[in-house]
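Student: I have a model open and some questions about it. Can we go through it piece by piece?
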Amino acid sequence: MDEKRLRELITEVKRGRMSRRQFIQQMIGLGLTAPIAAQMLAYSGVAQAQTKFVYKPTKRGGGGALKVLWWQGPTLLNPHFAVGTKDQEGARMFYEPLAAWDGEGMLVPILAAEIPSTRNGGVAADGKSVTWKLKRGVQWHDGKPFTADDAVFNWEYATDPASAAVTIGSYQNVKVEKLDSFTIRVLFSKPTPFWADAFVGTRGMIIPKHLFEPYKGAKSREAPANLKPVGTGPYKFVDFKPGDMVRGQINAAYHEPNRPYFDSIEMKGGGDAVSAARAVMQTGEFDYAWNVQVEDEILQRLEKDGKGRANIVVGGNIEHIQLNLTDPWTEVEGERSSAKTKHPSLSDTAVRDALNLLVDRQAVQDHIYGRTGVATRNFLNNPVRFRSKNTKWEFSIDKANQVLEAAGWKRGSDGIRAKDGKKLKFVFQTSINAPRQKTQAIIKQACQKAGIDLELKAIAASVYFSSDVGNPDTYTKFYCDLQMYNTTMTQPDPELFMDQFCSWQLATKENKWQGRNITRWKSEEYDKAYRAAEGELDPVKRAALFMRMNDLAIEARAVIPVVFRPRVGAVSNKLRVPVSGWDNDFWLLKDWYREV
Amino acid sequence: MPRATARISLGAEAWRRFRRHRLALAGALILALVMLAVALGPLVWPVPINDIDFAAKLQSASWHHPFGTDDLGQDLLARMLYGGRISIAVGLAAMLIAVVVGTIVGAVSGMSRGAVDAALMWLTDLFLSLPQLPLLLLIIYLFRDALKALVGTEAGMFILIVAVIGGFRWMPVARLVRAQFLSLREKEFVEAARALGATPLRQVVRHILPNSLGPVIVAGTIDVAAAIIAESTLSFLGLGFPPDIPTWGRLLYDAKDYLDIAPHWALFPGAAIFLTVLSINYIGDGLRDALDPRKVM
Amino acid sequence: MGRYVLRRLLIAIPSLIGISMVLFAVLAFAPGDPFEELATNPNVPAEVRANLRTQFGLDDPVAVRYVRWFTSMMAGDWGFSFVSRVDVDQLILQRLPVTLVVIGLSQVLALLIALPIGVYAATRPYSLFDQIANTFAFIGFSLPTFFTGILFILVFSIHLDWLPFVFRSDIAETGWRWWWEEGKQSLMPIAVLGLFQGASWTRFIRSAVLDVIRLDYVTTARSKGLDESAVIVKHVVRNALTPVVTLVALQLPAIFGGAIVTEQIFRVPGIGSLLISSILANDTPVIMAVTFVFSCLVILFNLLADLLYGWLDPRVSYR
């Protein structure tokens, strides 16, 4: 898929021959995100679609209590310290960003008066600045007015290294200046194609200056407002017990009419995903449960009880398998999986091709994830010479056997293939998670039939995803041959995901394995394409570059994508919830209501 | 002068009395059957344990699959026979470690006083206070590779798990034994033995220990069940055997979300653990009665 | 006796310090990272993580960190959670009432079940009652709490819809209704835990009573013409209590430590779930605070148990 083809597709959408949604689905299948796809369409002049969600209630309040269940309770409520999506969601009940991403990748204004674009002059033509016009008449929960000072303050707060804010990545390369009480300008040092990062979505929630000013920098953890948030959101803070529950009550002075519908909100945390689904879909004790990572088998069974349904939201998460191109079993200068080594068997393309043919995505989709894991047809993951015309991915044990035979890997007496004394025995690790273990089992069986022996390993998530230098089991160290996982943070822009294949991001002992290139794969062409995409302002050209990079990484078999992992929530049948895979579940909390 | 009666050793006497205890024999029989099944079962029932067959998913007992299948279509009988070896071995080994270490510590502590008692009780309190999880993580990370190099992956894992599970269960046994010793030490028959010149060791082994076995045996049976379950908890945290090894505790854990959909999946491993525990307990009862000099059989 | 108590209390202090050192060392050397979730977040640059680590003093040598922790603990400052950025004592106090009620009541339930059943079963060994009691006891402790918990939920919440299964620590009602709601939601966790504990205690009590009931002085008491229940209660039980006291003393600190699995399944916000989530998140200040209090309780209750032995059995002497 190159730039020319992309423009052809866009023209089809313009002419009405392809729907917006179909275009976006295709782009997602090719490794892009809905926001990028929407940006491409907008840039090319395709009319912006209306947000589909219809809010029916005609007055504020009266809806009773909204009870939601997060099986990991938020542990803090300051969005700038949010360690995971659970903390973001907890904060999102009270705080709001300037704009949020909807399910189609379009920006929806929340605290902004309108969305900046090249047409209304908000986005500068040279890509070096964005001007936001703020909504007037918005009040903080304590009655003080929301102004541009608050926005500028958030930038100062996040960029102060002593605050150790996790949102710093979105704010440290920009400068924010106040033009007047309700206008700010975000300045970039170089042309930035993806400007919708600061003040937008999960990392854009705004905290009040008048409560946090005295607590900037090193004193940031002492602010009382950390535990008693005062925001602009639809609900006012009532109570918080870390890891257990958060409570809010209706904000009678909310800046949009007739909202919110509910009189109070209660978010409970803890427990496991299955019982969370049960609490919504079987006993009705709760109205909504977040992230029910449960086999579809169980979900369907629960839906039959008629009280709730599974809400499946497409996002950008791909469960993928990484192949180690270095040798994890040899130590060089105190480092295993060193970039100076080469993997004895995985560096042979034939072996990697064979492994790709041994992942039965259809079975994983049908029998494990069901609706919650989609092996889309458009996934480019076959080497060119094996790509069949109709389906883009393939599962064939016979072909795998052929490939390996042809490359000289012969079966030994124990059934395992070997060449020059090197056996095809691999250690395959992932985090502890029932569907993942089942996926491992399926792949292991297929590999066995092709003469490859897999030893399965499952590691506790807190250890696997740790950055502890002394811990041999982290995913960045990659001290094994294969590993499988998926990143959980929503990324509206693929640039942040793509840099994990850049050669300057190699994870090594020197940088304490903080580098993001875990497969240790290097390619000059990839690096070139990445640098080009960083500054390319034409979204169609940029998208084409990303797709090229995606193709390079997949064709070189640095990664094997398995299935898409949409987000799944359990929703009570009467509850109406606007969904978006590119932002928090609470991205439009103000519009939640119950049908009577 | 009357002829001296033939001397019968304590062991042979105990065995004779054990044989007359019906329930103990029943227990021994059940345990023997279970152990035979897991030892020879895979030879008699040669179905592979990880044969994934989605068409046969979550079926209850049938001729083809006597114990039914799980959610990947794998045969449960085969998995239970295979995993049973590990479960029973872990259960028994961990229990033995806990009981032996606990009894020794408790006995030494109960017999001596002052510094030794205080030191051993300090050690017991330390182990009781330690949070198991971080300690487990630490031990496994420290010793996993060394053991792997020494005895191979599976044996190394087995040693680690047994040591860790047993190592966290000896404290109650030690305290129970010590409590028994504190009271038994002053009893008349022990005093009599002391007056006759019995060394402390002889007092302990011949007199006090056999009489303090009651709680030890109960603790032993409870520990077997606890060890089997503990192994599954370890595996849930990524510290036990790899996730595809179907130990009984692991099967119970995998089945817990399907209790209303496929109850057979949990029923069989649960029943197996129950039977094992039951039989060991009856054997224990028999042992206790056999060793108790006051009980008339 | 007084000197013995004093001596034990004095020894308790250095032993507590010793335990805290071992605890701290274990936590410091165990793998894991308080900021692991940041690791998967591509937006968080490595410097932020490094900054957080220095802010919380994670990169200092272990001995330094220990001394820092110890001195602030003595001064009453229990530390600051890495994860929630909240004072640790606040976290613990928030969860203490629920833990004491739910876990405490379950231990009481366990004792209430085990004592009468164990004693009665021992007075009629191998009778029908004994067999049934034993079987239930075996089932009770062969099945892990995660299993019985889910079973209860399936039966009582989902199938019969009698009881809610998600524990809410902030019930809006007041007065009588509050008690009713609190009772309904506490019933299952208390029952699950109590039955599991009661099962093993039943066996211990039965065994202890069996050991005593055959002794001569019991026969003497009976032949003196004493009523059977008086024999049991006044002579047998009191002397069989030694192992029971040991067990209860071993178990009481656990009331503070909570019950991890049960709290997880029913979402009871107790100290057990705080502990497990802190352990998984490597939130050292919280773990240290909870385990330190726990070890104080362990030492205290074991001392009490030792004293009780002397009171229950006059032959036990302390020198």
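Student: Which residue stands opposite Lys133(A) in strand 6 of chain A?
Tutor: Thr183(A) stands opposite Lys133(A) there. Strands here are DSSP runs of E of at least two residues, helices are runs of H or I of at least four, and both are numbered from the N terminus. This is a predicted model, in which local features need pLDDT of at least 70 and side-chain atom pairs count only at pLDDT 80 or more, while totals for chains, interfaces and linings use all residues. Residues are numbered from 1 along each chain as its sequence is written, with chains lettered from A and ligands numbered from 1 in the order in which they are written.

Student: In what sense do strand 4 and strand 6 of chain A pair, and over how many bridges?
Tutor: Antiparallel, over five bridges, with strand 6 covering residues 183-188. Two strands pair if DSSP finds at least two bridges between them.

Student: Which strands are at the edges of that sheet?
Tutor: The open sheet has three strands in the order 4-6-5 in chain A, with antiparallel pairing. Strand 4 (129-133) and strand 5 (174-180) are the edge strands, each pairing on one side only. Neighbouring strands are turned by 20° against each other on average, direction ignored. Axes are lines fitted to C-alpha atoms, for helices over the stretch in contact, and angles run from 0 to 180 degrees between N-to-C directions.

Student: What lies across strand 5 and strand 6 of chain A?
Tutor: Helix 5 of chain A, residues 148-159, which runs at about 165° to strand 5.

Student: Why does Tyr369(A) count as buried?
Tutor: Because Tyr369(A) has 27 C-beta neighbours inside 10 Å. Tyr369(A) sits in helix 11 (residues 361-369) of chain A. Leaving aside neighbours within four places in sequence, its contacts are Asp296(A), Val364(A), Pro435(A) and Val563(A). A contact means that the C-beta atoms of two residues, placed from the backbone, lie within 7 Å.

Student: Which stretch of chain A has pLDDT below 50?
Tutor: Chain A averages a pLDDT of 85, and 94% of the residues score at least 70. Residues 377-391 are below 50, though that stretch has 28 contacts in the model beyond near neighbours in sequence. pLDDT is the predictor's confidence in each residue, from 0 to 100. Where it is low, the predicted coordinates should not be read in detail.

Student: Now chain B. How many helices and strands?
Tutor: Chain B has 12 helices and zero strands. Of its 297 residues, 49% are buried.

Student: How many residues of chain B are in contact with chain A?
Tutor: 13 residues of chain B are in contact with 17 residues of chain A.

Key
A residue is buried if 20 or more other C-beta atoms lie within 10 Å of its own, exposed if 12 or fewer, and partly exposed in between; C-beta atoms are placed from the backbone.
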